[in-house]
Structures are given as C-alpha cells and as structure tokens.
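Trainee: I would like to learn how to read a few features of a protein model. Please show me the structure and take the questions one at a time.

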Amino acid sequence: MPAAAQRRPRRIARKLAVLGTGAAVLALPLLGANAASAATPTATTAASLGYANNLDGWIRASLQVMADHGIPGSYNGIYRNIIRESSGNQYAINNWDSNAAAGTPSKGLLQVIDPTFMAYHVPGTSYDPYDPVANITAACNYAAKRYGSIDNVWGAY
C-alpha cells in the first residue's frame, strides 16, 4: 500500500477528534471498531441480579457479588454498618469531617472515600461510589482486607 494511503486514516481520525467526541463516536465503525469493541460493559445492579431496587435488594445483590469474589460478610453485618453510616441513604455524603476537609468526602451507603473506593472496587460493579452495589462491595472488600470482614466492624472504619 502506498505511504499516502496509509496516512489517510490518521488524518480522518484527527479531523474527527477536532469535530468533537460525538462525531468521533459515530464514526468509530468507519474506522474499524465494531459494536462489540465499542460497547461499554454493563455494571452489576440489584435489578440485573433479580433483586429489588431498595436497601434489602442492594444488600442481597452485594452478597451475591461478594460470594463470587470471595469477599466475606453477612446481611446483618452490612445492614448494621449501613444504618450507622448513612441510615440507608445511597446519596449520603459527609462534608464536615477530616476527610471532607482534605477534599475527599465520604460517600454512599457505607461512607467510602474515593481513593478507598477505587482501591477496593470490585470488578463488574459500577465505578460510581453512589451506586449501592458498588459502594457496598468496595466497602466490604476494604473491611475484609483490614478487619477480616464487615461483620467485625462495629464503628467508624
């Protein structure tokens, strides 16, 4: 293939990038991506596992994901910690403690800060710390590594 023909796709891609991400995303199939390679993986949710979209369902779905990844914990241990940390409010945020003062407020059902959430994120769950299943599984993964299980956590952790 002549050198000029080899450079053409790069110029097209560069021009598409300049047009904006919307145009570039629409053009992906033209540049060799297919539907499977461009697809975003679906995150595990309570509903996707057949559970209700409420505190009970979030805990049960999290326990299923935790079992698949060898993370210990019980319904009662998770429930007790959620009630203490957020009263079951998936959008709870602590804007007044030392973590918040440092710029990393605790978020979600189990009040996890972003660096801890990312470090203990469980594959297949959302990267949103307010997502109930992602928040519970990341917090339980952290508690398992630090305390043996979320069941061993009886106060702020």
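Trainee: Which backbone oxygen does the side chain of His-121 reach at 2.9 Å?

Mentor: First, the ground rules. This is a predicted model, in which local features need pLDDT of at least 70, side-chain atom pairs count only at pLDDT 80 or more, and totals for chains, interfaces and linings use all residues. Residues are numbered from 1 along each chain as its sequence is written, and side-chain values use heavy atoms, with hydrogens and water left out. A polar contact is a pair of N or O atoms within 3.5 Å; within protein, one must be able to donate a hydrogen and the other to accept it, and residues adjacent in sequence count only if both atoms are side-chain atoms. Here the side chain of His-121 reaches the backbone oxygen of Thr-125 at 2.9 Å, and that of Ser-126 at 3.1 Å.

Trainee: Is His-121 buried or exposed?

Mentor: Buried means under 20% relative accessible area, exposed over 50%, and partly exposed in between (1.4 Å probe, protein chains only). His-121 has a relative accessible area of 12%, so the residue is buried. His-121 lies in the loop between helix H7 (114-119) and helix H8 (132-147); helices are DSSP runs of H or I with at least four residues, strands are runs of E with at least two, and both are numbered from the N terminus.

Trainee: And Lys-145, buried or exposed?

Mentor: Lys-145, in helix H8, counts as exposed because its relative accessibility is 59%. A polar contact of 3.0 Å joins the side chains of Lys-145 and Asn-141.

Trainee: How are two packed helices described?

Mentor: By the angle between their axes and the distance between the axes. Axes are lines fitted to C-alpha atoms, for helices over the stretch in contact, and angles run from 0 to 180 degrees between N-to-C directions. The axes of H4 (residues 55-68) and H8 come within 9 Å and cross at roughly 50°.

Trainee: What does that angle make H4 and H8 to each other?

Mentor: Angles under 35 degrees count as roughly parallel, over 145 as roughly antiparallel, 65 to 115 as roughly perpendicular and the rest as oblique. H4 and H8 are therefore oblique to each other.

Trainee: Which residues make the contact?

Mentor: Contact means heavy atoms within 4.5 Å. Among them are Trp-58, Ile-59 and Val-65 of H4, and Pro-132, Ile-136 and Cys-140 of H8.
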